[in-house]
Amino acid sequence: MSGIIEKTQLFVEDLLTKKLDSNFLYHNLRHTQRVVKSTKELLISSTLSDTEKEVLILASWLHDTGYIKGCEKHEENSCKIAQDFLKNENYAPDLVEKVSQCIMATKRFAIPESETEKIIKDADSSHFAQSSYLETSEFLRDELRLLNIAEYSYREWLNLNIKMFRTEHKYYTNYAIENWQPKKDKNLKKLIKEKKQDKAIAKKEALKASYKNESPDRGIQTLFRVTLKNHITLSDIADTKANILLSVNAIIISLALSNLIPKLDNPSNNYLIYPTVIFIFFSIISMILAVLATRPNVTSGEFTEDDVKQKKVNLLFFGNFHKMKLEQYEWAINELVKDKEYIYSSLTKDLYFLGLVLNKKYKILRWTYTIFMIGMIVSVIAFAISFKYYVHVVN
């Protein structure tokens, strides 16, 4: 490495490390190093003189230093920085001018004329042919956003890149055309594939959104599902409690009939008559209430077409359709599913009337348990009083 190239490298590394805005995620020292490496790769097969090669390497190092002053006219600023530095290093004025010409050749729409300009132009866009292109491209998109230059969606960025590959960019040197163009074409295929995948994902999301708008909202579905499940669970609990009371009182009455009542024939056991009657009476009342709590209500089981059209009938409750023919019920259900409002209305009615049934069940159960408890207490007291009376009479 010649002395001027080594000094230029150190100068650029120090400049871009210390003075470049950290928002330059793409146009930074890493990009400059890549361009220098690509320039050297292109120079291997070139017939340029050593002086021309030196000029190219210097231009590669200095071509993006102007970004330390911002994006506006950064090539011109890079030329100014290069001229000041090289003149200070006593570099030949005519070669300084050639370095500047090479830097200006890296402008986006500039068309290179000389071999040196073609080489640095290709080197500056060598990333189009690298396997890491998609990742590198994302750095540039983020850089534009962070610098408030432009903000592109992923789809817009893909379209912009595909357009760049197809219509705007081309390689100029024979080496790049032969070795980099096939890799660039491969990256173009990747971009097109990404675009197709993005379109497929967007289409899928659009269908999801459309379905979500047209069908009942998931949150509302969950609300009705959970609430209905809770209602049914509470109804099962009420039925279980009523069955327990039925079983207990049935056992009590069975024991009373088999053990207490036969003893009442004996005059000596007359004191047991009233307590036994009280005992059995409260047990029978408890059983009756428990049966009432679990007994289903009988409904008409019929509806008319007008009921469906006017949304008066709840088709989700079997008691409203159990006498209807299958064809009539199928027609009614088809009318129901066409109308989201009718669905919500039916579910709401189902919840409401289930709530009324639960309220009735639990009210009766509360009275049942209260009467059962009072009966047990009164019966025990009655047996105690009767037994005390019997003992007093005997004595």
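This is a predicted model: local features need pLDDT of at least 70, side-chain atom pairs count only at pLDDT 80 or more; totals for chains, interfaces and linings use all residues.
Author: Residues are numbered from 1 along each chain as its sequence is written, and side-chain values use heavy atoms, with hydrogens and water left out.

Reader: What makes the approach of Ser379 to Gly375 a polar contact?

Author: A polar atom of the Ser379 side chain lies 2.6 Å from the backbone oxygen of Gly375, and a polar contact is a pair of N or O atoms within 3.5 Å, of which, within protein, one must be able to donate a hydrogen and the other to accept it, residues adjacent in sequence counting only if both atoms are side-chain atoms.

Reader: Why is the pairing of Lys361 with Asp239 called a salt bridge?

Author: The term requires a side-chain nitrogen of Lys or Arg within 4 Å of a carboxyl oxygen of Asp or Glu, and the N to O distance between Lys361 and Asp239 is 2.8 Å. Lys361 lies in helix α15 and Asp239 in helix α11 (residues 218-260), so the pair ties together parts that are 122 residues apart in sequence. Helices here are DSSP runs of H or I, at least four residues long, numbered from the N terminus. Lys361, at 11% relative accessibility, counts as buried.

Reader: How do you know that Arg145 and Asp142 meet in a salt bridge, and where do they lie?

Author: Their side chains are 3.8 Å apart, N to O, and both residues lie in helix α7, three residues apart, about one turn of the helix. Arg145, at 37% relative accessibility, counts as partly exposed, as does Asp142 at 24%.

Reader: Which class of accessibility does Lys18 fall into, and what does its side chain meet?

Author: Lys18 is exposed, because its relative accessible area is 64%, and its side chain meets that of Asp14 in a salt bridge of 3.0 Å, N to O. Asp14, at 38%, is partly exposed.

Reader: How many residues of the lining of the largest pocket count as charged?

Author: The lining includes 13 charged residues, where charged covers Asp, Glu, Lys and Arg.

Conventions: Buried means under 20% relative accessible area, exposed over 50%, partly exposed in between (1.4 Å probe, protein chains only). Helices (H or I, at least four residues) and strands (E, at least two) are DSSP runs, numbered from the N terminus.
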